[in-house]
Amino acid sequence: MELKQSVKISAKERRPDGLGKFYVDVVKGLSVNPKKLSSKYFYDSNGDNLFQQIMGMPEYYLTRCELDIFSNKTSELANIATAGLQHPIDLIELGAGDARKSRFLLRYLVEQGMDFTYVPIDISGNILSVLDKNLRTEIPSIDILPMEGEYFEMLDRASSLSARKKIVLFLGSNIGNMELAEAHVFCKRLNTTLNKGDVVVIGFDLRKNPATILGAYNDKSGITAAFNLNLLARINNELGADFDMSQFQHYQHYDPISGACRSYLVSLVDQEVTLADQTIHFSENELTYMEVSQKFSQTEIEQLAKSAGFNSLGILKDGKNWFVDAVWQVK
């Protein structure tokens with residue numbers, strides 16, 4: 001679980017008539033066995049706020065670990081990622097959010113006189129406007145071109161704007177919110193979308209003490225539980241469903257063998273939920289799958305790079321050796 005592209009729902013997507021993608025995805029997910037809901041819908045305004053609280057929790061180490069890398073190993077990261085690249089370049093960030101981590105790298109490159117354009121990509125126009133305003137204030141000389149939309153659609157568009165070499169940032173262990181097979185497909189598509197010599201920086205959460213990992217997603221204060229349950233509230237508010245949140249419970253499971261940390265909602269009673277013209281039955285103790293947060297070994301990271309067609313240029317770890325930013329280059 002990391003901050004990813006916020007999905008804002010348009011009026012059409014709220015329509016409970018089968019035409020809206022949000023509605024379609026929810027009904028489809030709750031009609032299969034086991035039931036599932038897409039984590040991309042976590043981030044409405046309340047979900048955004050809850051996730052900000054999660055990032056501040058003492059148990060949630062991921063953001064602090066990657067901030068450690070970007071703030072304390074900035075020059076090393078910049079040197080590895082830009083080595084041999086002819087300037088000017090395009091620095092593209094997928095799911096940029098507020099650029100909390102990448103701004104350390106951006107400031108360093110500007111101070112070093114690097115000629116580059118920063119292209120933050122996010123599906124939320126609101127967060128991009130905040131990012132644009134803040135970065136122009138903090139780094140007045142930065143050349144910035146925000147692009148609102150989905151990852152690959154905007155990456156294709158950004159690639160067509162210039163023939164410059166590209167550095168693509170995909171931070172926050174967002175790669176871990178995919179099943180392993182999906183991560184391989186994503187990385188292969190990323191490779192084929194870019195050109196020979198282009199560079200990718202991807203954040204990976206490493207395998208570690210299982211108790212540390214589980215604690216990050218099952219905090220005692222219940223913020224993560226509220227975050228997951230908020231998706232039911234969003235479905236109620238935007239699709240007119242009648243979920244009773246008190247009848248569902250957050251459950252987190254980590255398998256240290258596979259490295260998959262999975263979150264679920266458990267139905268506490270035998271119940272029915274109405275969603276437009278759909279009636280959805282939940283059995284007592286039935287699980288609804290919410291999200292995976294995959295943890296990786298260094299060997300798995302190397303294999304992922306190789307299978308997707310990248311050369312590994314190097315890795316940078318935080319001070320605790322809990323998190324890695326891997327730097328890859330298209331062959």
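Guide: Let us consider helix H4 (residues 74–82), which packs against helix H5 (residues 102–111) at an angle of about 75 degrees, with the two axes 10 Å apart. This makes H4 roughly perpendicular to H5, a term that covers angles of 65 to 115 degrees. Here axes are lines fitted to C-alpha atoms, for helices over the stretch in contact, and angles run from 0 to 180 degrees between N-to-C directions. Helices (H or I, at least four residues) and strands (E, at least two) are DSSP runs, numbered from the N terminus.

The model is predicted: local features need pLDDT of at least 70, side-chain atom pairs count only at pLDDT 80 or more, and totals for chains, interfaces and linings use all residues. Residues are numbered from 1 along each chain as its sequence is written, and side-chain values use heavy atoms, with hydrogens and water left out.

On the side of H4, Thr74, Ser75, Leu77, Ala78, Asn79 and Thr82 meet Phe104, Leu105, Tyr108 and Leu109 of H5, where contact means heavy atoms within 4.5 Å. The residues of this contact divide into 6 nonpolar, 4 polar and no charged. In this division Ala, Val, Leu, Ile, Met, Phe, Trp, Tyr, Cys and Pro count as nonpolar, Asp, Glu, Lys and Arg as charged, and the others, Gly among them, as polar.

Thr74, Leu77, Ala78, Ala81 and Thr82 are the buried residues of H4; buried means under 20% relative accessible area, exposed over 50%, and partly exposed in between (1.4 Å probe, protein chains only). Seen down the axis of H4, these buried residues fall within an arc of 105 degrees, so they line one face of the helix. The arc is that of the directions from the helix axis to the C-beta atoms. The elements that cover the buried residues of H4 include helix H3 (62–72), H5, strand S5 (165–170), strand S6 (199–205), strand S12 (310–317) and strand S13 (323–330).

The chain beyond the helix also deserves attention. H4 is followed by glycine 84, whose phi is positive, near 80 degrees. Proline 88 then lies in the loop between H4 and strand S2 (89–94), and the peptide bond from histidine 87 to proline 88 is cis, with omega near 0 degrees. As background, most residues other than glycine have a negative phi, and most peptide bonds are trans.

Methods
Parallel < 35°, antiparallel > 145°, perpendicular 65-115°, else oblique.
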